[in-house]
Amino acid sequence: MKTHAQAVVIGGGLVGCSILYHLAKLGWTDVVLLERDELTSGSTWHAAANIHGLHDNNNISKIQYYTMKLYKELEAETGQGCGVFQPGSLYLAQTEAREHQLRLQEAKARYFRADFHNITRDEAERLHPLVDFDGIRCIMYEPDGGNVDPSGVTHAYAAGARKLGAEIYRFTPVTATIQQPDGSWIVETPNGNIHTQWVVNAAGLWGREVARLAGIELPLQPTEHQYFVTETIAEIASLGRRLPSVADRDGEYYLRQEGNGLLIGAYEKDMRFWAEDGTPQGFGHELFADDLERIEENMMRAIARVPAVGTAGIKRVINGPMIWSPDSAALYGPVPELKNYFCCTGIIPGFSQSGGLGLMSAQWIIQGEPQYDMFAWDLARFGDWADKAFTKARVQDQYANRFKIHFPYEERAAGRPVRTRPAFQMQKDMGAVFGLNYGWEHPLWFAPEGVEPKETYGFTRQPWFDHVGTEVKALRDGVGVIDISNFAKYEVKGEGAGEWLDRIIANRVPSEIGRSCLTPLIGKRGGIAGDFTVTKLGEDHFFMVGSGMAERYHQRYFTEVPRPETVSFTSLTVALCGFNVAGPQARTLLSRLTQEDLSNASFPFMRSRRISIAGVDAIAIRVSFTGDLGWELYVPEADQVKLYSALLETGRDLGVRPVGSRALLSLRVEKGYGSWGREYSPEYWPQEVGLDRLIKMDKPEFLGKEAYAALADQAPREKLVMIEVDADIADASGGEPIFLPDGSPVGRVSSGAYGFSVGKSLALGFIKTPSAVAGTEVSVAILGRPHRGIILAEPAFDPKGERLRG
């Protein structure tokens with residue numbers, strides 16, 4: 001067995017073999033895969049192995065299309081069959097909401113130039129004569145949908161990897177992973193040890209156990225999952241062709257042809273956890289006892305839709321384990337707290353995603369960053385707050401609601417609350433409806449007296465729409481108080497603090513005490529990895545604010561620049577709470593609570609100072625994400641309630657209101673402000689989102705400088721624009737494709753909201769540069785239907801920034 005390798009992949013299932021193949025494909029041929037048993041042991045071998053292209057997330061759609069295309073290329077490259085069947089897939093909508101979802105996906109397919117289109121009942125009956133389409137209001141057809149052979153695909157990846165020089169060792173369990181002082185690893189096995197630069201945990205059902213060898217806990221939980229295959233059905237045997245699969249997600253089952261029978265699987269409400277305390281080491285190709293009674297309701301719905309199922313005998317039942325993350329998406333990426341330790345675990349629709357996951361993983365390991373923004377799957381989206389109780393509660397909800405529509409802005413309640421602030425109960429008593437942000441509960445909107453503080457979800461405007469509008473109006477006309485405690489907050493302090501921070505961010509660190517700056521963080525490919533407000537509090541003392549959901553993600557960047565022993569870097573996210581007090585009466589309200597001079601001359605925009613307000617020591621920064629006059633105030637967590645109470649009580653005659661994040665969305669969109677994860681992403685160049693002006697190339701060094709220099713003079717591929725949309729019952733929310741009037745795809749929405757201050761439905765989006773011209777007419781596919789839009793020349797609200805700086 002080899003003793004040295006560039007990377008060691010642990011786990012010989014579908015995803016592990018794909019990562020090995022793609023590492024070798026990208027040039028790392030000195031790589032090894034270790035499998036404790038045979039290849040495909042675990043959950044790979046018994047998977048239903050369905051494949052499809054479209055996903056609610058556009059980038060995941062891209063990697064799913066890549067995966068589907070790759071299988072046939074693999075067959076040609078390796079000579080190993082992947083068992084690809086692509087008779088197509090039928091997607092059925094029984095409800096209006098499901099129809100909205102399918103029509104939006106149809107529009108996205110046109111954007112991707114993929115084939116996913118509406119068909120008539122007659123066409124559907126010709127394609128699948130066994131289905132009763134009564135009660136179906138919309139049918140979509142994906143010609144490339146189908147399934148593959150689990151073993152064939154896995155062995156094709158393995159064969160491709162071996163052909164490129166990679167090595168695979170079966171029956172070689174990993175017993176230890178030990179990090180070395182230089183960041184490399186020793187991987188111990190009973191058959192010998194391997195010294196490697198990178199460890200890749202693709203251990204599937206054993207992902208938790210392998211992670212613990214490195215001292216980390218992953219939020220994963222296995223469950224049982226059942227499907228069954230019928231005996232031969234005469235109508236299928238006599239048909240002479242393969243039937244398309246059926247995605248009847250309102251019926252909560254899936255169905256496809258298997259041999260001359262049908263395979264039917266279900267995600268039942270009465271689900272079962274498995275191996276809560278750890279996956280047994282000796283488990284391999286075993287299955288659990290059948291328990292079809294638990295999926296009886298789902299089976300009855302399948303029988304009602306395809307009556308032939310009810311008269312066919314059951315040939316075999318598969319009840320095997322699957323391993324889930326709290327949101328059913330992969331846990332993928334380098335572990336921020338470790339050096340050169342990569343995870344790719346918790347994958348559910350693996351056969352639709354294996355190729356893309358392998359490619360993205362290999363790019364991240366070799367090139368430092370994947371080509372697509374994959375934060376939706378980044379394991380850094382969870383922190384240690386995602387404990388066992390939270391994970392189990394979320395997995396139970398995800399499993400039991402596997403086919404439930406994920407509506408825009410949906411916030412599921414399972415496992416919550418996890419992290420709350422002192423003002424949580426006070427806000428709850430005021431009618432707050434809460435959302436989740438990196439584990440923190442934060443107000444989304446406030447129900448007025450007499451209105452139940454309860455969320456509803458849909459693709460159209462919901463009852464909370466008007467209440468959010470009231471909050472926006474209160475802030476724009478008077479003053480609002482937004483809880484921003486969930487923002488990430490950091491302190492950098494000590495001799496050399498400014499010099500160290502200057503080597504991380506792209507703008508210059510403020511040199512004068514009391515000044516603040518906005519700055520991008522540049523990624524490995526020259527894109528926007530983050531955006532921060534940096535404030536100089538004192539000599540060698542800085543305060544930095546960034547995206548709360550990206551706090552763990554950004555750890556990877558902060559540790560890239562060696563930090564002097566004299567400099568401390570501390571997260572203050574837990575220790576400090578924050579409020580944004582904004583609106584034309586913000587200065588009046590705050591002046592009643594402090595002795596500080598808050599006039600424009602004394603405290604101008606982008607300045608800061610420590611002040612005492614309502615008897616509380618605070619860091620005050622003259623900045624506001626609302627685009628209105630405002631200050632951000634950061635205080636110790638113990639003082640949150642005191643300050644909140646004082647602001648709301650003292651501003652009563654000014655019409656002060658607590659304002660939630662839904663209103664903040666509307667406020668920032670009508671001002672044209674970007675948000676990390678939507679408008680700002682490693683995928684987007686600074687000149688495409690208007691942040692290039694904040695990059696100081698005359699600095700000696702900063703993260704990503706060389707990468708940005710290579711593209712700084714290139715014309716933007718697309719530009720971030722604001723679009724006014726003709727919409728009356730629904731607004732864009734993000735991801736909707738944008739077309740030119742002739743039907744040509746030209747861009748996509750990144751954020752959308754109704755601009756209550758300006759009385760317009762608005763969208764921020766990326767448009768191909770030749771078309772990103774003010775006055776250009778476009779069509780935005782809201783609800784999957786065309787809605788006329790016009791690209792605006794300037795922000796819809798206060799385009800000159802007079803309110804912000806007033």
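**Note on the predicted model**

1. M430 sits in the loop between α12 (424-429) and β19 (432-437). Helices (H or I, at least four residues) and strands (E, at least two) are DSSP runs, numbered from the N terminus. This is a predicted model, in which local features need pLDDT of at least 70, side-chain atom pairs count only at pLDDT 80 or more, and totals for chains, interfaces and linings use all residues. Residues are numbered from 1 along each chain as its sequence is written, and side-chain values use heavy atoms, with hydrogens and water left out.

2. Is M430 buried, exposed or partly exposed? M430 is partly exposed, because its relative accessible area is 27%. The cut-offs are under 20% for buried, over 50% for exposed, and in between for partly exposed (1.4 Å probe, protein chains only). Residues up to four places away in sequence aside, M430 touches F446, A447, Y644, L648 and P658; contact means heavy atoms within 4.5 Å. P453 is 23 residues from M430 along the chain, and their C-alpha atoms are separated by 9.3 Å.

3. Next, an open sheet of eight strands. Its order is β5-β6-β4-β13-β14-β15-β12-β16, and the pairing is mixed. Two strands pair if DSSP finds at least two bridges between them. β5 (117-118) and β16 (314-324) are the edge strands, each pairing on one side only. Strands β12 (residues 221-230) and β15 (residues 261-266) run antiparallel and are joined by four bridges. Q226 has A266 in β15 as its bridge partner.

4. Two helices belong with this sheet. Helix α11 (residues 388-400) packs on the sheet and touches β12, β15 and β16; its direction makes about 20° with that of β12. Helix α8 (residues 296-305) lies across β4 (89-93), β12, β13 (245-248), β14 (253-258) and β15, and runs at about 60° to β14. Axes are lines fitted to C-alpha atoms, for helices over the stretch in contact, and angles run from 0 to 180 degrees between N-to-C directions.

5. The largest nonpolar core has 49 residues, of which L23, Y71, Y157, Y332 and W377 touch the most other members. Elements giving two or more residues to this core are β1 (4-10), α1 (14-25), β2 (31-34), α2 (58-78), α5 (150-163), β11 (192-201), β18 (341-345) and α10 (350-367). W377 is in contact with I60, I63, A329, A330, L331, Y332, Q353 and L357, leaving aside its neighbours within four places in sequence. A nonpolar core is a set of buried Ala, Val, Leu, Ile, Met, Phe, Trp, Tyr and Cys residues joined through side-chain atoms within 4.5 Å.

6. Aromatic pairs: the count is 41. F382 and W385 form one that is tilted, at 6.0 Å centre to centre and 55° between the planes. Rings of Phe, Tyr and Trp (its six-membered ring) pair if their centres lie within 6.5 Å; planes under 30 degrees apart count as stacked, over 60 as edge-to-face and the rest as tilted. F382 and W385 are both buried. One aromatic cluster is formed by Y254, Y267, W324, Y399 and F403.

7. Charges over rings. R563 has its charged end over the ring of W500, 5.9 Å from its centre. R622 lies over the face of W631, 5.2 Å from the ring centre. The rule asks for NZ of Lys or CZ of Arg within 6 Å of the ring centre and within 35 degrees of the ring normal.

8. An open sheet of five strands has antiparallel pairing and the order β23-β24-β25-β22-β26. β23 (516-522) and β26 (568-571) each have a single partner strand, so one side of each is left without a neighbour in the sheet. The twist averages 25° from one strand to the next. Helix α15 (residues 551-558) packs on the sheet and touches β22 (488-493), β23, β24, β25 and β26; its direction makes about 80° with that of β24.

9. Last, β34 (residues 745-755). Of its 11 residues, 10 are buried. β34 pairs with β33 (residues 737-739) in the antiparallel sense over three bridges, and eight bridges join β34 to the antiparallel strand β35 (residues 760-768). R748 stands opposite P737 and also opposite F766 in β35.
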